[in-house]
Amino acid sequence: MNISKYEEAIQNCRFCFMCRHLSAIGNVRFTEADTPRVRAAMLYGLRTGTNSFDDEDFVDALYRQDLSACCVHHCVNHFDENGLALAARADVVEAGKAPEAVKALAAEFSASASWKAAGKGDVAWFLDGTTAGDKDAVAAAKKLFAAANVAPKTITGGCIGKALKLLGFLPEAKAAAEKFAAFLAAEGVKTLVVSNPAAYDALTRDYADFGVKLPCKVLHVSQWILQAKLKFAKKPAAPVYPLADDFLRNYDGIDAPEKLLKALKAECRPFGTNDEETYNCGEGAVVLDRLHPELVEALAKYVAARADNPEKDTLAVASVYVKRALAKAGLKAVTLEELAASCL
Amino acid sequence: MKIKPDSYMFEMIRTELTDAVGDANVDVKFADKFGHSIDYYWIPEMWHDRGRPCPQADFIVHPGSTEEVSRVMKIASQYKIPVVPWGGGSGSQGGALPVFGGIVLDMKRMNKYYGVDRDSYTVRCQTGIIARHLEWNCNKEGFSTMHLPASIACATIGGFLAHRGTGVLSTKYGKIEDMVMSLEVVTPKGEIIRTLPVPRHASGPDLTMLFLGSEGTLGVITEVTLKVHPQPESRQFRAYIFPDFHTAMQAGASLMRSRLGPCAMRLYDETETKTHVSKVFGIDLDKGAYLVFGFDGRKDIVNLQMKHAREIMEGQFHGKDLGAKGGEWWWENKYKFFYPGYMFHVPQAFGTLDTVADFAHIEKVYWAMKNVVNKEFPDARFIGHFSHWYEWGCMLYARFIFPGDKVPPDPREAAALYNAVWDKAIRAAIANGGVINEHHGVGLKLGRYVKDLYGSAMPVLQGIKKQLDPDGIMNPGKLGL
Ligand SMILES: Cc1cc2nc3c(=O)[nH]c(=O)nc-3n(C[C@H](O)[C@H](O)[C@H](O)COP(=O)(O)OP(=O)(O)OC[C@H]3O[C@@H](n4cnc5c(N)ncnc54)[C@H](O)[C@@H]3O)c2cc1C
Ligand code: SF4
């Protein structure tokens, strides 16, 4: 089983309560099943027979996880509770127990795995489907490229493997990754700038796990802006509340977003009551809004309830997924690109 | 009472519960019932480890308001169904386990925070709020509850009230019972009552104290008003190594008798210093007993308190000074002791023999427990530290640990071994002036000792239970009731 690679997390998390306060889904459903402790105990129970994937709620608990990795970030041993959950999803799929909604999504993402390139040169910008759906974010990125005198090749298209991996469809995810790597090679891409943190994480971590070699260097857009040494004429018009990103902070450990905010001289205010919880409404789970839109709504309400002034505050986020989710609770968010572009 | 899920009575009760709290807040699915069948008590953990199912509730109910709790209690009362309040399930005594089925009343949806009263320095909240979330809210307003237990991340305020819990700053700010102003409680019959708004009065016996420590057996605590404190200007720590734990105990007791008023103090015996403190801090403390203490408040006063405390430690008892850094190691790592890798874990068998005694008896209690564990259970290791200090004595956080390969594979034999250690160690503690216990509570684990502990006062406790809960539906099997 895939979960056997995460024996350490199974053994240690199954009776541990130390990151309970960070269980985003547990904090809106008030359940025990939505905690690292109980998920690990249920997965342990597979081997002794007390638990089984025939239990639909167990399987659903695995698929409704927020996957923010706040627990892993918080844990003094950094036990990979998230990796365990993903491995468990892969086991669910291999056991033929994936819920119909999951299978349907996986089929949709598998079918979407093709891309187009527009433009010239060896610097490319990957405009994933989520980011492409936000006109302001796209316009901001274009303005930044123009300011840097860079006309990147724009790559658009479907799933590069992340969503499939998160759904537990590992061979399909790997196939999408191989296909995308081959596409980038064929296009002669040497530097790939990525807006969506989930895509950045796929390219930097998942591809390495799959053993898929990329022909290019990958930069998150915040890293690229810093490298481009753009001149900013003014600072952001209003104070912002930055939200630490699930992928960039918890998975990838990059500090470019904070450095960028500093470079912009943004007046940053601490959002909510702490900097440990995720306020990203299931960003780490990528497709939670498709599988459980009601949970994303509940998570957004949870965030709104923690804003100093929900009608007026501007939150600075790294991903359009988060921006869109927060908007559902009436919160205003801007992406890092938008914020940077507003300072040009 | 177990209600068959395919019976029409099950559906009748479910319909009524749904009507009381809403469909989304009554869960009968396996995953959550499973989650509520194991708390932090070693026995259900071991039981699950050995592939045995633990007793489950029939319904997991998530009330959102005091009125909803009241409605649930009235339904339970009518059908005589057990109701077990569940906070975070982090209790180590099995107090929240639904051993007779029925309703688990998971309180976490009742997490409202009503803000700090800046005239009285108090805060009101619902009791299902996780302690860390409450503390974060208070911190945002510039205050602290000063209730900082190691389970702050997982336990609810209701759980602490129900178990008379405590945090690391107990020596100055007290246990939870010292922090409470007043409570709102739903009785087993569904009546909503409030205790007097202030804790100091001469208006008869204190009902607030009646419900504190009642472990869900007398009612459901739904709201609380707690004292809060402004964040201190300064908090300083210092640590010392003493050649043995006896000398360190004398130094610690002297500091308490000096009435200098530290906010926290910890003393680890030689074994725990060597094996545990060293590991958590990542330094070599090979010999001696580690003692740490701190003061907080106005900087000039803290400086003075620290100066006098150092005179006691160094001048009177010749402790080896580890400096402020040696003390800060502890403060910064105070919760690290409780993470897997630093904490004991199944398949090991382990238990915290939480005992409290005055200074005249505490060392005797330590030795009595240590000797009996060492003699009767040679496979077990015994370690101890002294956690919560008062003017008159302190709490002994003693632990026994069996390596996994010395625990019988058969779960019944493992449980029998485990219970035998408790029986011997606790009787030794009580015989030497110890009280069981200081902050973990009784639950299922220690219920059998309550009659011995209360003696001729036991019928008083039983009478109170009978009056409030004539049908015995509130958390049956716990607290020896
Ligand atoms: C890692 C770890 C460290 C710990 N460190 C500490 C520590 O430093 N200090 C400390 O005091 N304890 C500590 N504990 C023990 C535990 O956290 C406490 O006993 C705590 O009080 C339990 O709270 P809970 O919300 O988890 O309650 P639960 O375990 O859910 O329930 C405990 C008891 O309270 C009852 N109850 C819960 N809520 C209510 C309510 N609203 N009304 C009436 N009854 C209710 C339950 O029925 C049960 O009898 C620790 C536990 C863990 C796992
Ligand atoms: S991730 Fe770490 S803190 Fe969280 S449950 Fe697992 S062991 Fe405990």
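Q: In this predicted model, what makes helix α12 of chain B a helix that lies across strands, and which strands are they?
A: Helix α12, residues 299-316 of chain B, lies across β12 (234-242), β14 and β15 of chain B, and contact here stands for heavy atoms within 4.5 Å. Its direction is about 5° to that of β12(B).

Q: What is the order of the seven strands in the open sheet of chain B, and which are called edge strands?
A: The order is β15-β12-β14-β13-β17-β18-β16 in chain B, with antiparallel pairing. The edge strands are β15 (320-322) and β16 (349-358) of chain B, because each pairs on one side only. From one strand to the next, the twist averages 20°.

Q: How do you know that β13 and β14 of chain B pair?
A: Two strands count as paired if at least two bridges are found between them; strand β13 (residues 264-268) and strand β14 (residues 289-297) of chain B have five bridges, so they pair, and they do so in the antiparallel sense. Within this pair, Leu267(B) stands opposite Leu291(B) of β14(B).

Q: What makes β1 and β3 of chain B edge strands in the open sheet of four strands?
A: That sheet has the order β1-β2-β4-β3 in chain B, and its pairing is mixed. Strands β1 (26-27) and β3 (83-86) of chain B each pair on one side only, which is what makes them the edge strands.

Q: How do you know that β1 of chain B pairs with β2?
A: Two bridges join β1(B) to strand β2 (residues 59-61) of chain B, and since the requirement is at least two, they count as paired, running antiparallel. Val26(B) stands opposite Val61(B) in β2(B).

Q: Which way do the residues of strand β7 of chain A point, and are they buried or exposed?
A: Thr314(A) and Ala316(A) point one way from strand β7 (residues 314-317) of chain A, while Leu315(A) and Val317(A) point the other way, and all are buried. In a regular strand, side chains alternate between the two faces of the sheet.

Terms used: Residues numbered from 1 in each chain as written. Chains lettered and ligands numbered in written order. Predicted model: local features only at pLDDT ≥ 70, side-chain atom pairs only at ≥ 80, totals over all residues. Heavy atoms only, no water. Axes fitted to C-alpha atoms, helices over the stretch in contact; angles between N-to-C directions. Buried < 20%, exposed > 50% of the residue type's maximum accessible area, 1.4 Å probe, protein only.
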